[in-house]
Amino acid sequence: MNKTNTAPARLGFIGVLLLTLAGCAGLAPQSSLEQVQQQSAELIGQGALHWATEQDQPPVVRERIAELLAEPLALESAVEIALMNNPGLQARLFDLGIADAQRVQASRLPNPGFSIGRMTRGSEVEWERGLHLNLGSLIALPLTRRIAEGQNAQVQREVSLSVMRLATDTRIAWYRAVAAQQSLSYSEQVLQAADAGAEMAHRMAAVGNYSALQQAREQSFYAEAALAHLQARQEQVASHERLVRLLGLWGEETDFTLPERLPDVPSQPLDQPDIEQQAMASRLDVKAAQQGAKRLATNLKLGKATRFINVLELGISNNSSNEEPVQRGYEITVELPLFDWSGARMAGDEARYMQQLQRTAEVAINARSQVRESYQAYRTAWDVAAHYRDEIVPLRKRISEENMLLYNGMFIGVFELLADAREQISTVNRYLQAQSDFWVAQSELDLVRFGPVTPSEANSASTTPASPAGGH
């Protein structure tokens, strides 16, 4: 009786052991999305990220977009729309689902194999049944699962950086679109002043009160102003369309309006002497590179553990015959390392690991340099904008007031007054560009604390994927 219960007991123990090794890993892409939201919250805010897992956007999303577009589009409203509606970002978010599926797949037990055969010899009929399990994959399961979990975490960081880069690109596009709109308005004022000067010069030349040289100069001013106006209009259209693409809008949605002017430059710049240290603690590309190195180290450890057991199978057989007693037994299949001792595979894994260490060092060095460069660009942009605001624009305004007094006293003529008006408008327009440059530099500084400003800087030191352990 004890012998009868031994086999089921052993099978039950093996089943419990297999379930323990397999764990309870299940698909959880929303958990990955929450991690991305948490990692990028400082730059995009809480609750702004939306993943469109269905073919069509839910009505509540379309209603929210329509609500934001009904008013002049504010900066953070533009970011919110981009995070909900940009198709490129939505496609990138599906990398979370892919990585999560790979994580779960790596946690699954290898499927057993079942074989059955029928043999006859005279009147004797023999049935052979076998159950096989890949023990090599089973032994490597904890390490392969750890590798997949590391890959999943790395994808989360990379997607978080894509989210923050989209938010930054949207802010930059918004600043440039508003600046281009303002610049177009100023160019129209310059054109009107130049047109008035050219028309007056034509009339005065017709009655002999203006020379041909003076008339040509005024006409030249008008021609250059007309050209500048055309260029400003084209820049306004191009910047608007760049913003449209980032927002993922089409049809009537593209007819949104923007605020009339840029925000004022802050009275004082940010003073961050320890920004380099802060960035090194929060740079996602540095963390991703470090995670890649750990993943390759685990893969190298797995390769060493399975170096001589690429094929290791356990089989249980049950043979029955109509003339003989039932035969029961088991078999173990092992690959003989006669020709391939896995030396080449191990050398490749070691080379990938050492390569990743160097790339991680490269990412860290580049990150420090990028932070310093962005902060210097930010400070320079603030200095330029503040100089225009505090020095050049007030001086130009004072000059215009003095010229108006001279004109009222008949010390200068109308042409000098028009020329001064054109110069004043041009100065204000240059200050507008300095404002735009400052806000762009501010946005890039915010992003560089978490990752490189441009994707090309990240791709130059991308991580190398780990080779499947146990392969040839």
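Does Ser436 count as buried or exposed, and at what relative accessibility?

At 4% relative accessibility, Ser436 counts as buried; buried stands for under 20% relative accessible area, exposed for over 50% and partly exposed for what lies in between, with a 1.4 Å probe and protein chains only. Ser436 is part of helix α12, residues 414–448. Helices are DSSP runs of H or I with at least four residues, strands are runs of E with at least two, and both are numbered from the N terminus. Leaving aside residues up to four places away in sequence, Ser436 touches Tyr175, Arg176, Ala179 and Leu262, where contact means heavy atoms within 4.5 Å.

## Basis of the model

The model is predicted: local features need pLDDT of at least 70 and side-chain atom pairs count only at pLDDT 80 or more, while totals for chains, interfaces and linings use all residues. Residues are numbered from 1 along each chain as its sequence is written, and side-chain values use heavy atoms, with hydrogens and water left out.

## Aromatic pairs

Rings of Phe, Tyr and Trp (its six-membered ring) pair if their centres lie within 6.5 Å; planes under 30 degrees apart are stacked, over 60 edge-to-face and the rest tilted. The count by this rule is 7 aromatic pairs. Trp174 and Tyr175 make an edge-to-face pair, at 5.5 Å centre to centre and 75° between the planes. Both Trp174 and Tyr175 are buried.

Phe438 and Trp439 have ring centres 4.9 Å apart and planes at 70°, so this pair is edge-to-face. Phe438 and Trp439 are buried too. One aromatic cluster is formed by Trp174, Tyr175, Tyr375, Tyr378, Phe438 and Trp439.

## Packing of α4 and α5

Helix α4 (residues 75–85) packs against helix α5 (residues 87–106) at an angle of about 50°, with the axes 6 Å apart. Axes are lines fitted to C-alpha atoms, for helices over the stretch in contact, and angles run from 0 to 180 degrees between N-to-C directions. The angle makes α4 oblique to α5; under 35 degrees would be roughly parallel, over 145 roughly antiparallel, 65 to 115 roughly perpendicular, and the rest is oblique.

On the α4 side the contact involves Ala82, Leu83, Met84 and Asn85, and on the α5 side Pro87, Leu89 and Gln90.

Strand β1 (residues 113–121) is hardly covered, with 0 buried residues among its 9. β1 pairs with strand β2 (residues 124–134) in the antiparallel sense over 9 bridges; pairing requires at least two DSSP bridges between two strands. Thr120 has Val125 of β2 as its bridge partner. The hairpin has 2 residues between the strands, and Gly122 takes a positive phi near 65°.
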